[in-house]
Amino acid sequence: MRKFINFIMMSIGVLLVLSGCQSSKPNEDLFHYKGSYVGDNSAVGNILQQLRSGEEVERFELITKSEPYGVVITYSDYAEMSEKSVKQTVLYNATFLFALIQNVDWITFIFGDDYQYKLEKQAVQKWYGMELGGYTSEDELQELMQQFLEDEDKINQFFVLVE
């Protein structure tokens with residue numbers, strides 16, 4: 001009987017360890033979605049979940065009936081974010097989306113009634129001074145963004161141009 005109880009306890013322990021390992025699965029590489037299309041609801045949703053404030057995405061809409069194609073993203077629970085943080089999030093997320101989704105031409109970011117920004121791919125690429133579709137890894141893209149997103153003046157200059 002004692003061996004049977006030890007076996008049951010050991011089995012429960014193994015199951016707990018295995019279930020704990022599965023729940024801590026790391027995010028997959030975002031560039032796994034490189035080459036996705038704006039009409040691929042699953043790919044766009046998975047990308048959004050892994051970007052900044054991904055857990056705050058309330059809903060998104062894919063605009064694919066006619067060109068130019070776009071995405072409208074609505075965020076909830078952003079009250080704690082400053083305007084600077086919202087702008088950095090918008091540029092960061094737009095950069096990844098434009099680099100990964102080959103046929104998206106514009107993205108609208110909505111943060112309630114407080115902030116709404118529509119970014120066009122062409123304007124973002126002009127701001128960076130290069131095509132975003134040529135990047136092949138998160139690290140390369142992060143390196144590019146670091147130069148731009150740390151400079152508040154550059155960020156403000158961009159938003160003056162698009163507003």
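Helices (H or I, at least four residues) and strands (E, at least two) are DSSP runs, numbered from the N terminus. The structure is a predicted model, in which local features need pLDDT of at least 70, side-chain atom pairs count only at pLDDT 80 or more, and totals for chains, interfaces and linings use all residues. Residues are numbered from 1 along each chain as its sequence is written, and side-chain values use heavy atoms, with hydrogens and water left out.

**Overall architecture**

- The protein contains six helices and four strands, and from the N terminus on its elements follow the order α-α-β-β-α-β-β-α-α-α.
- Of the 163 residues in the protein, 40% are buried, where buried means under 20% relative accessible area, exposed over 50%, and partly exposed in between (1.4 Å probe, protein chains only).
- Contact means heavy atoms within 4.5 Å; among contacts between residues at least 6 apart in sequence, 57% join residues at least 24 apart.

**Helix 5**

- Helix 5 (residues 138-149) has 12 residues and spans 15 Å from its first C-alpha to its last, close to the 16 Å expected at 1.5 Å a residue; the expected span is 1.5 Å times one less than the number of residues.
- Its buried residues are Leu141, Leu144, Met145, Phe148 and Leu149.
- Seen down the axis of helix 5, these buried residues fall within an arc of 120°, so they line one face of the helix; the arc is that of the directions from the helix axis to the C-beta atoms.
- Asp139, Glu143 and Gln147 are exposed on the other side of helix 5.
- The cover over the buried residues of helix 5 includes helix 3 (83-100), helix 4 (121-128) and helix 6 (152-162).

**Strand pairing**

- Two strands pair if DSSP finds at least two bridges between them.
- Strand 1 (residues 57-63) and strand 2 (residues 70-75) pair in the antiparallel sense over six bridges, and they form a hairpin with six residues between them.

**Aromatic rings and charges**

- Rings of Phe, Tyr and Trp (its six-membered ring) pair if their centres lie within 6.5 Å; planes under 30 degrees apart count as stacked, over 60 as edge-to-face and the rest as tilted.
- By this rule the count comes to 11 aromatic pairs.
- The rings of Tyr75 and Phe111 have centres 4.4 Å apart and planes at 0°, so this pair is stacked.
- The pair links distant parts of the chain, with Tyr75 in strand 2 and Phe111 in strand 3 (residues 106-111), 36 residues apart.
- Tyr75 is buried at a relative accessible area of 2%, and Phe111 is buried at 1%.
- One aromatic cluster is formed by Tyr117, Trp127, Tyr128, Phe148, Phe158 and Phe159.
- A charge sits over a ring if NZ of Lys or CZ of Arg is within 6 Å of the ring centre and within 35 degrees of the ring normal.
- The charged end of Lys154 sits over the ring of Phe148, 4.5 Å from its centre, and that of Lys118 sits over the ring of Trp106, 4.5 Å from its centre.
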